[in-house]
Amino acid sequence: MKTNFHIAVVGAGAFGGWTALHLLERGARVTLLDAWGPGNSRASSGGETRIMRGAYGPDQPYTELAARALKLWQKHEERWKRRFLHRSGVLWMASGRDDAFERGSVQMLRASKIKFRELSAPQMRRRWPQVNFEGIEWGIFEPECGYLDARASCQAVVDAFVASGGKYRQVSVMADGVEDAPLRTLTLSDGSKLKAHRYVFACGSWLGKIFPQAVGPLIRATKQDVFFFGPPPGDNRFTDAHLPVWADHRGRFRYGIPGSDRRRS
Ligand SMILES: Cc1cc2nc3c(=O)[nH]c(=O)nc-3n(C[C@H](O)[C@H](O)[C@H](O)COP(=O)(O)OP(=O)(O)OC[C@H]3O[C@@H](n4cnc5c(N)ncnc54)[C@H](O)[C@@H]3O)c2cc1C
């Protein structure tokens with residue numbers, strides 16, 4: 001049942017979009033605002049793909065959250081009749097010496113009931129002959145995880161939100177007065193004001209700008225290098241039909257996403 005309780009959600013990335021949709025589904029009146037649009041190129045949720053995985057090492061809350069997210073993706077994909085989660089599997093490659101992350105992940109995966117298998121190096125070499133497993137002694141394979149269409153799924157969440165009666169506005173929330181207690185209205189970049197009963201700020205790395213005193217330098221945006229590799233035409237060994245998402249923790253954390261639909265050679 002819809003109520004008149006009005007919630008403004010600022011930021012339509014992965015966090016804000018889903019928050020707005022869930023609040024709407026629980027009966028609130030929701031306005032969702034984003035300066036540049038869901039999954040825009042400046043946002044962390046923008047770009048082609050993001051990994052959906054259950055392994056996050058020992059003693060953390062993320063594996064349990066990932067287990068819930070996997071169920072929610074299935075439910076929403078069935079409802080929308082569209083696929084965003086590509087279950088190519090996720091392969092974690094471990095060396096015997098430095099595998100605390102993987103050992104800890106195994107326990108968390110088991111507790112959260114996310115499907116996985118432990119694989120020996122010979123098993124991995126047989127299954128993925130295109131991968132160089134030198135120095136790798138064992139691995140974890142999560143068959144029901146994989147990668148998400150990032151930007152496209154952010155847009156789909158906002159489309160579903162609007163179709164269910166939510167209001168989306170592409171406008172920026174100005175920092176003026178946001179740190180006032182209590183917060184009474186938002187000042188928007190088009191000169192208008194927005195008043196709600198509650199406000200949710202899901203502004204990602206912009207949070208420090210909009211809350212300079214409360215958050216300020218606590219959030220520091222860092223540069224992550226993304227590389228695209230182009231196999232020769234006709235070489236399908238690195239597409240998602242043949243290669244899972246993979247991660248290698250030795251030394252520095254490196255990971256890769258297989259060639260997907262739009263980036264196939
Ligand atoms: C290169 C890279 C790779 C990653 N890989 C993975 C991965 O494989 N798997 C994984 O789980 N996570 C991954 N992450 C992390 C994940 O992408 C982020 O945790 C997630 O996208 C954050 O979403 P968000 O909604 O908090 O922020 P954002 O997506 O940044 O959304 C914030 C939104 O707020 C809006 N906004 C900001 N300020 C204002 C304002 N004043 N007024 C109105 N709107 C405003 C912005 O326009 C933006 O759309 C990766 C991140 C990066 C950068």
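The reply below treats these topics in turn.

A: This is a predicted model, in which local features need pLDDT of at least 70, side-chain atom pairs count only at pLDDT 80 or more, and totals for chains, interfaces and linings use all residues. Residues are numbered from 1 along each chain as its sequence is written, and side-chain values use heavy atoms, with hydrogens and water left out.

Helices (H or I, at least four residues) and strands (E, at least two) are DSSP runs numbered from the N terminus. Helix H1 (residues 14–25) packs with helix H5 (residues 150–163) at an angle of about 25 degrees, their axes being 9 Å apart. Axes here are lines fitted to C-alpha atoms, for helices over the stretch in contact, and angles run from 0 to 180 degrees between N-to-C directions. H1 and H5 are therefore roughly parallel to each other, a term for angles under 35 degrees, whereas over 145 is roughly antiparallel, 65 to 115 roughly perpendicular and the rest oblique. Their crossing is left-handed, meaning that the near helix is turned anticlockwise from the far one by less than a right angle; clockwise would be right-handed. On the H1 side, Ala-14, Gly-17, Trp-18, Ala-20, Leu-21 and Leu-24 meet Cys-154, Val-157, Ala-160 and Phe-161 of H5, contact being heavy atoms within 4.5 Å. These residues divide into nine nonpolar, one polar and no charged. Ala, Val, Leu, Ile, Met, Phe, Trp, Tyr, Cys and Pro count as nonpolar, Asp, Glu, Lys and Arg as charged, and the others, Gly among them, as polar.

Helix H2 (residues 62–80) and helix H3 (residues 100–112) have axes that come within 9 Å and cross at roughly 40 degrees. That angle makes H2 oblique to H3. The crossing of H2 and H3 is right-handed. Thr-63, Glu-64 and Ala-67 of H2 meet Met-108, Leu-109 and Ser-112 of H3, a contact with three nonpolar, two polar and one charged residues.

Around the ligand are 24 residues, of which Asp-34, Ser-44, Ser-45, Ile-51 and Val-173 come nearest; a residue is near if one of its heavy atoms lies within 4 Å. A backbone N or O atom of Ile-51 lies 2.7 Å from a ligand oxygen, and one of Val-173 lies 2.9 Å from a ligand nitrogen.

Two backbone sites remain. Asp-59, in the loop between strand E3 (49–52) and H2, has a positive phi near 50 degrees although this residue is not glycine. A cis peptide bond, with omega about -5 degrees, joins Ala-181 and Pro-182.

Technical notes
Polar contact = N/O pair within 3.5 Å; in protein donor to acceptor, adjacent residues only side chain to side chain.
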